[in-house]
Amino acid sequence: MSTGIFGLLMQPSSAEKTETRFHEWQGISGRWWLTIVQPLLAEHINLPSVYVMVRRDFHGRTYPLYIGQTSDTGRRMDEHLRGKLREAIALGGNELHQHFSAGSERERFAIETDLRNGHNAPLNRQNSAAVFGGLLGLGAAHIEKRNQTLAGLLAGRG
């Protein structure tokens, strides 16, 4: 997965490869969750985890792009190759933060929910017009028109 120019750019320096790095994320509950930091494009172990696709900027600040959970991290990252992973890279994603301490699927879901509700990760957002149109078949055009009108007003075109 880490081939080509993107693979070279996304890899940490050789000094960083030997050192395990950690990062803590705070959920909406106020609880802090310790994660292991790895390159976004790498071989990931096949263990259950709660994971965060992250963009770390040149100043060391972290921005969550997508928060999820899985019973098999390696398999899930392979499934994300043509979707969320590609989108995360387009947004500057360069790290995968993984929390491995959940004891069950239920606990993974609870941690993921705590983190998703505590952060505004852009790849976790759902287009409300598409959801309403797809689920209910009603109101999607009205919602889209309202959003366009609101965007126009905010831009000073109303």
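## Salt bridges and a loop glycine

Asp-57 is buried, at 15% relative accessible area. Buried here means under 20% relative accessible area, exposed means over 50%, and partly exposed lies in between (1.4 Å probe, protein chains only). The model is predicted: local features need pLDDT of at least 70, side-chain atom pairs count only at pLDDT 80 or more, and totals for chains, interfaces and linings use all residues. Residues are numbered from 1 along each chain as its sequence is written, and side-chain values use heavy atoms, with hydrogens and water left out.

**Salt bridges**

Asp-57 pairs with Arg-61 in a salt bridge. The term covers a side-chain nitrogen of Lys or Arg within 4 Å of a carboxyl oxygen of Asp or Glu. Arg-61 itself is partly exposed, at 45% relative accessibility. A search of the whole structure finds 6 salt bridges. Three of them are listed here, including the Asp-57 pair.

| Arg-21 | Glu-95 | 2.6 Å |

**Strand to strand**

Which parts does the bridge between Arg-21 and Glu-95 tie together? Arg-21 lies in strand S1 (residues 21-26) and Glu-95 in strand S5 (residues 95-99), so the pair links parts that are 74 residues apart in sequence. Strands (E, at least two residues) and helices (H or I, at least four) are DSSP runs, numbered from the N terminus. Glu-95 is buried, at 6% relative accessibility. Arg-21 is partly exposed, at 24%.

**Within a helix**

Arg-75 and Glu-79 both sit in helix H3 (residues 73-79). They are 4 residues apart, so about one helical turn separates them.

**A loop position**

Where does Gly-103 lie? Gly-103 is in the loop between S5 and helix H5 (105-118). Strand S5 also holds Glu-95, the partner of Arg-21. Gly-103 counts as exposed, with 68% relative accessibility. Gly-103 and Pro-48 are 55 residues apart along the chain. Their C-alpha atoms are separated by 9.2 Å.
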